[in-house]
Amino acid sequence: MVELSQQIFNGLVIGSVYILMAGGLTIIFGVMNIVNFAHGEFYMLGAYLAYVLINVLNLNFFAGLLMASVLVGLIGIIVERILDHFGDRGETEYVYYTILATVGLSMIIANTVNVVAGPSQHQIISGIATDPIMVGPIIVTQFKILVIVMAFSISAIFGLFLKYSRYGKAMRATFENKEAAASVGIKVSTINMVTFAIGSFLVSIGGILVGSMFNIYPFMGITANLKAFAVVILGGLGSFGGAVLGGIMLGVIESITAGYLNVGYKDAVSFILIILVLMFKPSGLFNKISK
Amino acid sequence: MKKKSIAYLLLVCFMFVTLYGCGPSNGTADASDKILIGVIEPLSGPESYDGLRMLEAVKMITEQVNADGGLLGKQIELKIEDGAAKTAESASAAEKLVTKDKVQALIGAYASTATAGLLPIVAKYEIPLVNGVSQDEKLALQGNKWYFSFTLMNSTIAKMAIPELVKSLNIKKAATVVINSDAEIEYSDVYAKGLSALGVEVSQNSFPEGTQDFSSILTKIKEEAPDTLFINMGSNEGVNFLKQLYQSGYKGKLVASDLYQQWADEATKEIDGMYFAARYVLTQDTPVNKKFAEDFKARTGKYPDDSVAGDYDSMLVLFDAIKRAGTMEPQALREAILKTDMDITRGHIKFDANGRGGFDCKISQFKNGNIAIIKTIPFTGV
């Protein structure tokens, strides 16, 4: 029972990161109909920018985290403006072109970082204690608690933003029907820009938290992208609430699989789950909840 | 139209020259006025931290020998390729070094899986490959007469160290944790077998290469509550694993084969008290090791570890054999390597008739930022 509790806690920690990874991806898809294959590279970029700000320039961890994520959000805006040029093509062509463009972009970003920063792995030094603390039967660290708290707080804030703010309502309207939203005066291009910036900002925070717990390296975005897609499919494409539940579900399933079967089966189990979801409930397990 | 055709022709020529590096400025040195040694290291990818350091050691000793007049009256030129610690990349690098650069001997390629890619090449072209790093015994057992392997194999080191470790650390229940690759799984198997034979209860654990989050495997190990954990993994994974092991609250003893300098630099607190059944110990008090450690520190600002010492030793063995052979003729060089009888950084080395060598195993402990030898176990053969 102690082992199970610990594995569930481990799953919650990694699941919290999955929420941040997948939350951004799913809103970008939901609002803009872009399958962003460069999403993982924004996660990696955030981690590297934070590494420079925190480890090299000795900025406070939280200041570095915020600054790096804002920078990644701004890069997201530039990328969105470029992708916007495909907007005047047909709907199908737009999807194909943006997929191709983001695949290419992901390769360019990852390889550029590999050349500039080198292939070695580094850890972001958060300065937050990593000594083990007993909480009942399970062992936690201050940083792991911070990861969970941050992911859930950010998700809650973003959920409230979507539900009650003017921009949030406009985003939801654009998601439901782009043409109708435009006809009532919503500036769809501005909404697209804000959505891409928020999505990039969220995934960047995920990258920084992972880079402080484990390591950063130029190709860390590849795995992150796969996990984010897995969560988005589990939770339902375009559903932020689904991404939250899907992230936690995937994290816990992976952790229990690794603990009770073998670490090698961890990824396999997640992808078997995705295949099952696509076969039996292609709209995602939690899509109803978000609507 | 004609101008366009000429431009295309020039472009093709330019690409050919760039890709294959056969322009005048890139021309290969004449084998008659230089000794050409091929070096394959992981210069990119997760193992590049070690690869770049190993390359520095190889360059360092080559520059020293060249400054002293070279060998056989010739300067030594290194031809360096990146094998990325992978089989296919290392094999391609070796093929290029032998066929295009015309190297006369090879050093490399760090990971056993990478070195495995070199073996068919050296057998085909009949040139010596000297390797003091790769630990997979299966490579040495292939019967390749051009492969000279002289690190302590996992099975040898287990045979030498386990009885002493079980006795001195009072091990009753142990667990192994390794990367899921041939050499590391072999390590886990031979250690589990050796420990079980002495009545120790053992569980074996492995994780895929590239794993970042070890929390699940650490929770499982903690539940099993071993008194000693045997680990075998690369320097990068090791730092990450050791930090997470510390965060998991593990209080038992830790044993590994060798101390990577990256562990000492980046996980100093986490490895305090850790034991090593070591091939190389930085503080080993021999003239060869002292000179090597000091020179390497002066050159790179960091101390060497087993991988770095392994490639430096490979160069020592190769250069000594070239001197004794008096020629770069492959068969003569092969025979000279087999007759090696010399001090290297990790002890004293001799080869058996199959090109396999070894040296003493050093049981040592890392404490308060320093490593010290507790007991030396003599090498009695593979």
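Modeller: What follows is a set of questions about the terms used for this structure, which is a predicted model, each answered from its values.

Colleague: How do you know whether A:Asn58 is buried or exposed?

Modeller: The cut-off for an exposed residue is 12 or fewer C-beta atoms within 10 Å, and A:Asn58 has 9 such neighbours, so A:Asn58 counts as exposed. A:Asn58 lies in the loop between helix 2 and helix 3 of chain A, and its phi is near 55°, which is a positive value in a residue other than glycine.

Colleague: What is phi for B:Ala85, and what makes that residue buried or exposed?

Modeller: Phi of B:Ala85 is near 60°, again a positive value in a residue other than glycine. B:Ala85 has 29 C-beta neighbours inside 10 Å, and since 20 or more are needed, B:Ala85 counts as buried. Its place is in the loop between strand 2 (75-82) and helix 3 (87-99) of chain B.

Colleague: Which residues does B:Leu97 contact, leaving aside its neighbours within four places in sequence?

Modeller: B:Leu97, which belongs to helix 3 of chain B, is in contact with B:Gly38, B:Lys79, B:Glu81, B:Val103 and B:Leu106 when neighbours within four places are left aside. Between B:Leu97 and B:Glu81 there are 7.9 Å from C-alpha to C-alpha, although they are 16 residues apart in sequence. B:Leu97 has 25 C-beta neighbours inside 10 Å, and with the cut-off at 20 or more, B:Leu97 counts as buried.

Colleague: How do you know that the span of helix 11 of chain A agrees with what a helix should span?

Modeller: The expected span is 1.5 Å times one less than the number of residues, so the 15 residues of helix 11 (residues 266-280) of chain A should span 21 Å, and its end C-alpha atoms are 22 Å apart, which agrees. Helix 3 (residues 61-83) of chain A can be checked likewise, for its 23 residues reach 32 Å from the first C-alpha to the last, close to the 33 Å expected.

Colleague: Why are the buried residues of helix 11 of chain A said to line one face?

Modeller: The buried residues in helix 11 of chain A are A:Lys266, A:Ser270 and A:Leu273. Seen down the axis of helix 11 of chain A, these buried residues fall within an arc of 60°, so they line one face of the helix. On the other side of helix 11 of chain A, the residues A:Ala268, A:Ile275, A:Leu276 and A:Met279 are exposed. An α-helix has 3.6 residues a turn, so residues three or four places apart point the same way.

Colleague: What covers the buried residues of helix 11 of chain A, and how does helix 9 of chain A cross it?

Modeller: The cover includes helix 9 (220-235) and helix 10 of chain A. The axes of helix 9 and helix 11 of chain A come within 9 Å and cross at roughly 35°, and this crossing is left-handed. Among the residues that make the contact are A:Ala230 of helix 9 and A:Phe271 of helix 11 of chain A, and the residues of this contact divide into eight nonpolar, one polar and no charged.

Colleague: What makes the buried residues of helix 13 of chain B line one face?

Modeller: In helix 13 (residues 330-338) of chain B, the buried residues are B:Leu333, B:Ala336 and B:Ile337. Viewed down the axis of helix 13 of chain B, they fall within an arc of 100°, so they line one face of the helix. Their cover includes strand 3 (105-108) and helix 12 (306-325) of chain B.

Methods: Residues numbered from 1 in each chain as written. Chains lettered and ligands numbered in written order. Predicted model: local features only at pLDDT ≥ 70, side-chain atom pairs only at ≥ 80, totals over all residues. Helix = DSSP H or I, 4+ residues; strand = E, 2+ residues; numbered from the N terminus. Arc of directions from axis to C-beta. Contact = placed C-beta atoms within 7 Å. Axes fitted to C-alpha atoms, helices over the stretch in contact; angles between N-to-C directions. Left-handed = near helix turned anticlockwise from the far one by under 90°. Nonpolar A, V, L, I, M, F, W, Y, C, P; charged D, E, K, R; others polar.
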